[in-house]
Amino acid sequence: MTQKYTNICITDIKDSTILNNDLGNIGMDKIRAEFFRVSNSLAKHADKKSTGKDMGDGGLFTFEGLEQSIQFSVWLQQYYQDQQCCIKDGIEIRIALCKGTVEFIKKDPQGKDVNLTSRIEGVTPPGEIWV
């Protein structure tokens with residue numbers, strides 16, 4: 001197990017279960033795949049050393065610096081707010097950021113600070129970034 005003090009970012013597609021019911025499994029699978037592709041690309045653009053983990057309807061990312069994690073978050077929100085297809089389908093993104101210790105177990109980020117970030121993301125209003 002490796003521990004690292006870092007910036008934790010958790011993203012989420014709001015109401016993905018409802019979207020899945022409305023769009024069907026195939027439609028939602030396309031949205032999830034595109035979401036992680038875009039998220040991962042923006043994360044690497046913000047910080048080449050970032051790590052990303054697909055969490056189904058969102059992602060868990062780590063960044064070296066707070067500035068990089070905020071830049072990624074702003075870019076991701078802007079991307080989805082600018083996409084007309086996302087507005088039509090009702091896709092809204094929530095993002096939470098924390099600084100803390102991450103335990104990497106087999107490259108899987110875990111730990112109490114990851115859990116804290118997840119809890120904050122769960123109450124973050126759509127279209128916002130909470131730090």
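Analyst: One begins with the helices and strands, which are DSSP runs numbered from the N terminus; a helix has at least four residues and a strand at least two. The model shown here is predicted. Its chain holds 4 helices and 6 strands.

User: In what order do the elements of the chain run from the N terminus on?

Analyst: Their order is β-α-β-β-α-α-β-β-α-β.

User: What share of the contacts in the chain joins residues 24 or more positions apart?

Analyst: A contact means heavy atoms within 4.5 Å. Among contacts in the chain with a separation of 6 or more, 68% are between residues 24 or more positions apart.

User: Which strands does S4 pair with, and in what sense?

Analyst: Two strands count as paired if DSSP finds at least two bridges between them. Strand S4 (residues 93-105) pairs with strand S1 (residues 2-13) over 12 bridges, in the antiparallel sense. Within this pair, Ile 8 has Cys 98 of S4 as its bridge partner. S4 is also antiparallel to strand S5 (residues 108-110), with 3 bridges; here Ile 105 is partnered by Asp 108 in S5. Strand S6 (residues 129-130), by contrast, runs parallel to S4 and is joined to S4 by 2 bridges. There, Ala 96 stands opposite Trp 130 of S6.

User: How many residues lie between the strands in the hairpin of S4 and S5, and which residue there takes a positive phi?

Analyst: In that hairpin 2 residues lie between the strands, and Lys 106 takes a positive phi near 55°. A further hairpin is formed by S2 and S3, with 3 residues between the strands; Gly 56 takes a positive phi near 85° there. Strand S2 (residues 51-54) and strand S3 (residues 58-63) run antiparallel and are joined by 4 bridges. In this pairing, Gly 52 has Phe 61 in S3 as its bridge partner.

User: Is Ser 73 buried or exposed?

Analyst: A residue counts as buried under 20% relative accessible area and as exposed over 50%. Ser 73 has a relative accessible area of 0% and is therefore buried. This residue belongs to helix H2 (residues 66-82). Leaving aside residues up to four places away in sequence, Ser 73 touches Cys 9, Ile 95, Leu 97 and Ile 129. In the chain as a whole, buried residues make up 40% of the 131 residues.

User: Which helix holds Met 28, and which residues does Met 28 touch?

Analyst: Met 28 lies in helix H1 (residues 16-46). Its relative accessibility is 0%, so Met 28 counts as buried. With residues up to four places away in sequence not counted, Met 28 touches Ile 13, Ser 16, Leu 19, Asn 20 and Leu 23. Sequence separation and spatial distance can also be read together: Met 28 and Asp 57 are 29 residues apart in sequence and 9.1 Å apart in space, C-alpha to C-alpha.

User: What, finally, may be said of the surface and the charges?

Analyst: The accessible surface comes to about 7300 Å², and 51% of this surface belongs to carbon and sulfur atoms. The chain carries 16 positive and 18 negative side chains, and the centres of these two sets lie 7 Å apart.

How values were computed: Residues numbered from 1 in each chain as written. Predicted model: local features only at pLDDT ≥ 70, side-chain atom pairs only at ≥ 80, totals over all residues. Heavy atoms only, no water. Buried < 20%, exposed > 50% of the residue type's maximum accessible area, 1.4 Å probe, protein only. Areas by Shrake-Rupley, 256 points an atom, 1.4 Å probe, with all protein chains shown as cover. Lys, Arg positive; Asp, Glu negative; His and termini not counted. Charge placed at Lys NZ, Arg CZ, Asp CG, Glu CD.
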